[in-house]
Structures are given as structure tokens and as C-alpha cells.
Amino acid sequence: MQTATHLDREHCVRAVRSKDARFDGWFFTAVLTTRIYCRPSCPVVPPKPENMTFYPSAAACQQAGFRACKRCRPDTSPGSPEWNQRADLVARAMRLIADGVVDREGVPGLAARLGYSTRQVERQLLAELGAGPLALARAQRAQTARLLIETTPLPMAEIAFAAGFSSIRTFNDTVREVFALSPSELRTRAPEHGTGTPGGISLRLPFRTPLNPSNLFGHLAATAVPGVEEWCDGAYRRTLRLPYGHGIVSLTPRPDHIACRLTLSDLRDLTVAISRCRRLLDLDADPVAVDDHLRTDPFLAPLVDKAPGRRVPRTVDEAEFAVRAVLGQQVSTAAARTHAARLVAAHGKPLDDPEGGLTHLFPSPEALASVDPGTLAMPRTRRTTFTTLVRELAGGTLHLGVESDWSEARARMLALPGLGPWTVDVIAMRALGDPDAFLPTDLGIRRAAGELGLPSTPAALTARAGAWRPWRAYAVQYLWATDSHPINFLPV
């Protein structure tokens, strides 16, 4: 698939006629006769081709005067894979908008984070997505509002402000315009009315099939830091540091979705929490495109065919993952968890968990920057790496957020003492989200490569892996799966 999928009319018409769910989120179908927009897999009888037009975003459909279909609910489509596989201005802007930056800081704040002028950001978003940052953020607010209306018993006034609207009137007008129903009508039509306590929300996180849950949840469970994360009764649970407060999330794999239960101290964090959970589980990936590419290699094809749909486990907090990567240098996974748990107990912010298993937020870089290095139970060189990293993160010199330029972040990390290629690439893969990050020095990868008959020296393996680009991070997941003891004794 290409960036301009929505511009290939013949391709789009075929997808709509076959109701191909793989294209949900890639583009939206607007029907000229009904003024309704749908996802490609909408169950209704497809309109005549001459009555179809295609848009790259729901916001573009709304700006053109179309309303969301009540049958297929296009606002609940998985997100476009484009924003996770690219690091250009538009992709970085979309990741920031999903993280709620426009609602909190406005378009000037978005532009400042990207290092461009407001005019440049608006122009590029309009050119590729048919909508500017305000329209894209508005579409996201409408989706959040619908979710709160249908899954919680909150009063509409509270929902309006939790979803990011500046007034109840704007909330009412937007919901009517986008969904052709008033907020109260949306609640009446919901199959189940929310009965939880304020701050507790249950929802479904959609994804493109196939998805291999053992890949995702097995890794997260194996590396879980006590107090911050746990695997409990078939669910991965963890604490979240969010812009307005904190939260606890429980994520349970289901055949066609991820069941997500969120408890938030401030409901204004809902959009951000959902975005970070989707990012953690790599739910906006296009597994068919990735697997089809990796299958072209005869050595990888059997691994892909055996367990297709592997995702790259990522993170809800980029700074946290970078710190944990340093704690895990040259030690076993169990030892890395122990080091992180001690840090959490000593410097993390305590919180209450109704279910009792989680106790702290992972300490922020600012909190860790004030730690006495002499209290850290690690070798002197790694202690220097740790203190340098947290100082750079706390001071804003090193940025690892969703707005980061991957090449620039890599260069800055490599300039820090003790951050070698393995550590930088694992941070690029798990924290920055680079789908092409590769770990040729990883012992598990080299061992798996040798077993498959691939070159096992880093230089030769890197050359051989050129055929896997731009999906080498996914190839890593398949190679790790062949090793019974992955990510042990990690190199620097």
C-alpha cells in the first residue's frame, strides 16, 4: 500500500466492493447521494462507483459536509499505519494530534514541538489529509465524546469538557453534525449504557487481523516491573503518567479486539490514554503488508507462516523505556526487572490501585535527575550512563516523544557515554517506534540467525537484512520467537 491509497480510485472501489476490512482507516468512502461517509468494510450494499468519492481522513469527510455512517461507525476504525511507519512532518504531527497536543497547546504548540511554522504544518496536513490540525483534532474530540456518551453514565456537561470541547454548545453542535444525532440520542441508541463509576471506562481497541497475542503480551509480561506492571488473570495491567493526572489500564486480548479498561484520575486524559495503549500494542500496524514483505525471504517465510501477525511491543512512556534499557544493559531480564523495581520503590510516585497489584508510577526523568548516584547499585560506567541519560531527558536536550525525529534522536543518544548501537536501536524500536530498527549484535538474534542458516556476524547479518527493509523491527520479533531465552544478557 502507498501513502496515496485514497487517490487510487480503482483500488478503493475494489476494496469497497469486496468489503475489505484491511483498508479500514487507510481511507474513507463518502457517498455523494446520501452525504454519508463509511469505512471500506461497511456492511451495507455498496453504492454505485460514480456516487463514491474517497478521503484520507474522517476529518476531511466532515469538512466536506459528510456525516458518519450509523452502521459501520467509521470513527472506530483502526488508525492509519502511515503515522507509525514514517517520521516525516505529517506523520509526527498526526502522532502529536492523537496524543492531544492541539487540545492542550493549540496549533502554535503543535508547530513549536515540530520545529516548523504554523503555516507550514497546516499546509502539509491539508495537502496530504485534506484537513488542517484543528479539523483533525475536532474529529478526534467527536470520537472521544461518542465513546464517553455510550460507555459511561456521566452527565453531558462533564463529557463535553472531558472530550476537550470549550463549551457545551460546541459539543452539541459537533456531535449533531458528525453523527446526525444529538448526544442524548446517541446514548439512547447505545447497546449498553455505562454503569461504572466516574473515571472507569471499558472499551474495545480495534486492530487489523491477524494479531499474535503471545508475541505482544508474552513480552510485556516477561519484562513487567513490579509495582508498575503486572500480568493478572489473562490481562496486562500497568500505571500511566498522563498530562492531567494518572491512570491504570487493563488490556486483555480477544479474537477481534483488545478489551481495554481504564481508570483515570482526570477524564480529560482519555484520548491520550487510548492513543498510548494503541501505540504500546502496535495496533495500527498493517500486518498483511508486513508479513507479505517478510515472506519474500525463504528463511523468514516459515516463521511468518507459523505465527503471522506479530507486532512490535512498544511503550506508553518513551523516557521510561530509555531508562529501563540502560538498567538492562549486560544483565538478564530478571536482573533488569529487579533494578527497575528498586528504582520505582525508592523514587516512583505512589498511587492507589483498587485491585491492589499496582503501587507506583515509574519515576519521571526529573525525579531521577535528583537521585544520588552513589545509591545506585550498578557499575560505575553504567551509573554514568544512567545519570547522563536522565539529565538529558529532564533538561529537554534529548527528546524521545512521538514528535521526535528518529535520525536526530539516534544521533543524540549515540553521543552519550555508554549508549552503544544495541541500546540505541532497541530504544528506536520500542520507544521511538521506528519499524526498521534492527539489532544485529543481539545474542538472541544472532543465535536465531545461525539456526536458520543466515549469517550470524553483525556485519553480514546487517547486509542480509537489507532485504527486510522497511520492516526489520518486525523481522526481529520473528527471530526472537525462535529462541527459548530471548533478550537475556543484553549487550550495550
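## A predicted protein chain: surface, cores and aromatic pairs

The accessible surface of the protein chain comes to about 19,900 Å², and 53% of this area belongs to carbon and sulfur atoms; such areas are computed by the Shrake-Rupley method with a 1.4 Å probe, and for residues only the protein chains shown count as cover. The model is predicted, so local features need pLDDT of at least 70 and side-chain atom pairs count only at pLDDT 80 or more, while totals for chains, interfaces and linings use all residues. Residues are numbered from 1 along each chain as its sequence is written, and side-chain values use heavy atoms, with hydrogens and water left out.

The protein chain holds 23 helices and eleven strands, which are DSSP runs numbered from the N terminus (helices: H or I, at least four residues; strands: E, at least two). A compact globule of 492 residues would have a radius of gyration near 23 Å, and the 23 Å of the protein chain agrees with this; the radius is taken over C-alpha atoms, and the globule rule is 2.2 Å times the number of residues to the power 0.38. Of the 492 residues, 56% are buried, where buried means under 20% relative accessible area, exposed over 50%, and partly exposed in between (1.4 Å probe, protein chains only).

In the largest nonpolar core, which has 62 residues, Leu294, Val323 and Phe386 touch the most other members. Such a core is a set of buried Ala, Val, Leu, Ile, Met, Phe, Trp, Tyr and Cys residues joined through side-chain atoms within 4.5 Å. The largest share of this core, eight residues, comes from α20. Leaving aside neighbours within four places in sequence, Val323 is in contact (heavy atoms within 4.5 Å) with residues including Leu343, Phe362 and Phe386. A second, separate core of 51 residues includes Tyr37, Ile149, Leu264 and Leu267.

How many of the nine residues of α23 are buried? Nine of the nine are, so α23 is largely enclosed by the rest of the structure. Among these buried residues are Arg472, Gln477 and Trp480, and the buried residues of α23 pack against α11 (213-222), α13 (287-294), α14 (301-306), α20, α21 and α22.

A search of the whole structure finds eight aromatic pairs. Rings of Phe, Tyr and Trp (its six-membered ring) pair if their centres lie within 6.5 Å, and planes under 30 degrees apart count as stacked, over 60 as edge-to-face and the rest as tilted. Two of these pairs are set out below.

| Pair | Centre to centre | Angle between planes | Type |
|---|---|---|---|
| Phe165 and Phe171 | 5.7 Å | 65 degrees | edge-to-face |
| Phe438 and Trp468 | 6.0 Å | 80 degrees | edge-to-face |

Phe438 lies in the loop between α20 (421-432) and α21 (443-452), and Trp468 in the loop between α22 (458-464) and α23 (472-480), so their pair ties together parts that are 30 residues apart in sequence. Phe438 and Trp468 are both buried, and Phe165 and Phe171 are buried as well. The charged end of Arg141 sits over the ring of Phe165, 5.6 Å from its centre, a description that requires NZ of Lys or CZ of Arg within 6 Å of the ring centre and within 35 degrees of the ring normal.

Ser456, in the loop between α21 and α22, is partly exposed, with a relative accessible area of 32%. Leaving aside neighbours within four places in sequence, Ser456 is in contact with Arg446 and Gly450.
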